[in-house]
Amino acid sequence: MPQHHLLDWIVLLLYLFLLFYLAYRSHKSFDHQKVTLKEKYLANNSLTFSESLFSIIATEVSALTFLGIPAFSFSKDYSFIQIYMGATIGRLIIAKLFLPQIYGKGLTVYEVMGKNHSSQTNVHGRKSIAVFYLFSKIFSVGVRLYSGSILVSEFLGFHPYLGLLIVTSLTFIYTLLGGLKAVVRTDILQTLLFVAGGVIAHVLIPQTSGQSWFELMSIAYDGGKMTFFSWENPLPFIIGILGGILFDMSTHGVDQDFAQRLTANKNLMSGQRAIFLSSFFSIGVGLLFLSVGSLLWAYFKESGLPPEVSSADHLFAYFITHYFPVGIKGLMVAGVLAATMSTLDSTINALCATLYNDIFIKRNPKDLKLYAFKDNFFISSLLLLVAILASHHKGLLMFGLKIQSWTGGPLLALFLTRIFFRKKFTYSFNSLNILGSYVFGAMGVYL
């Protein structure tokens, strides 16, 4: 195990203490004899605007953002920001059109999709779409889990698999403690922490290099590392914006992970404000970490990647562990932990809600606590397994996003035809048709 200063350990342990303290506070607020599904997975519609806003940001900003986006701009440019720009339009559509259709209509999006005009639920269709969502989510978030373990493992000097086990176990425990309310409250702490980590990197990379921030950014600009639009070929920009709109509609609109942050709000308007304004915060966070990649590129322009670094994915983690000062190093590790756990806890909570509410429908409500434990353990184990498999794949950022793109389109199409265009698309909401939608959607992406 590497020798780290005591202050680094204190910072890291303090973060973990605050995390579990917030989860414990949420746990104490439960009436554990009468806890309901709505309380466990929708926080009894008690989320405020600020809680929902911070939780959306924390959920979408994983370790792929903290480590992968700097790697993206280091290797390429700022073209990734096109997705965030398109998201502003996508989230406006979600706020104005999607959310009024699902708010207060059911525990999950898939329950709402399964209902027909008489408010009865098509059980087979609801189960099928929930199963497809569950597996696609596990694969996409499993990649993010692995990326978050890189810095943790390097800091602790552990094998990456042990780092994965530690991160997953910690998240499993505090997610189980307090339900959605605990997840949201810890997300606020985690958002502040990983944003602080990005800001600190902007200060320390120039200090380490002996050049000013403006000098390093100028080097990156002159090297073409900060471009996101070309007048000579505007098509990629247009495709990026359109892709951002559709991608965000599928992730933030019909993904239970994000939808529950909106439907758990105190009222509809609060959820609408949170989802729309979150898009502008996302642009800011995206630019913050893209520019970290620019600074690193300018710093390593002459020397190239250190021999210990196998790919750009590991570069920021390497820089933190080798160049950042005492105390700040521990804070940055805590920042990566925050980014990883904020995505992981949201996924576990959303998938547990989907398992209980949409897949295993006939469970006894009196055994909610027991099923919550079993579901939490099952989901956490699957995520850990996928993360281990993902450890053999490079290009973490694009790999994680590609998984979502194969399934996000069919899910969005099914939602639109069930909620908005039911009269124009009169098909049976059954397992075979849902399977066909996913197969043809995947074929479209492949072609």
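Modeller: Phe-420 is partly exposed at 30% relative accessibility, whereas Phe-98, at 2%, is buried. Buried means a relative accessible area under 20%, exposed means over 50%, and partly exposed lies in between, with a 1.4 Å probe and protein chains only. This is a predicted model, in which local features need pLDDT of at least 70 and side-chain atom pairs count only at pLDDT 80 or more, while totals for chains, interfaces and linings use all residues. Residues are numbered from 1 along each chain as its sequence is written, and side-chain values use heavy atoms, leaving out hydrogens and water.

Rings of Phe, Tyr and Trp (its six-membered ring) pair if their centres lie within 6.5 Å; planes under 30 degrees apart are stacked, over 60 edge-to-face, and the rest tilted. That rule gives 23 aromatic pairs. Phe-98 and Phe-420 make a tilted one, with 5.8 Å between centres and 35 degrees between planes. Phe-98 belongs to helix α5 (residues 81-102) and Phe-420 to the loop between α16 (396-419) and α17 (431-446), so this pair ties together parts 322 residues apart in sequence. Phe-132 and Tyr-438 are stacked, at 4.3 Å centre to centre and 10 degrees between the planes. Here helix α7 (residues 123-156), which holds Phe-132, is linked to helix α17, which holds Tyr-438, across 306 residues. Helices are DSSP runs (H or I, at least four residues), numbered from the N terminus. Tyr-438 is buried at 7% relative accessible area, while Phe-132 is partly exposed at 27%. Elsewhere, ring pairs join Tyr-299, Phe-300, Tyr-318, Phe-319, Tyr-323 and Phe-324 into a cluster.

Key. Helix = DSSP H or I, 4+ residues; strand = E, 2+ residues; numbered from the N terminus.
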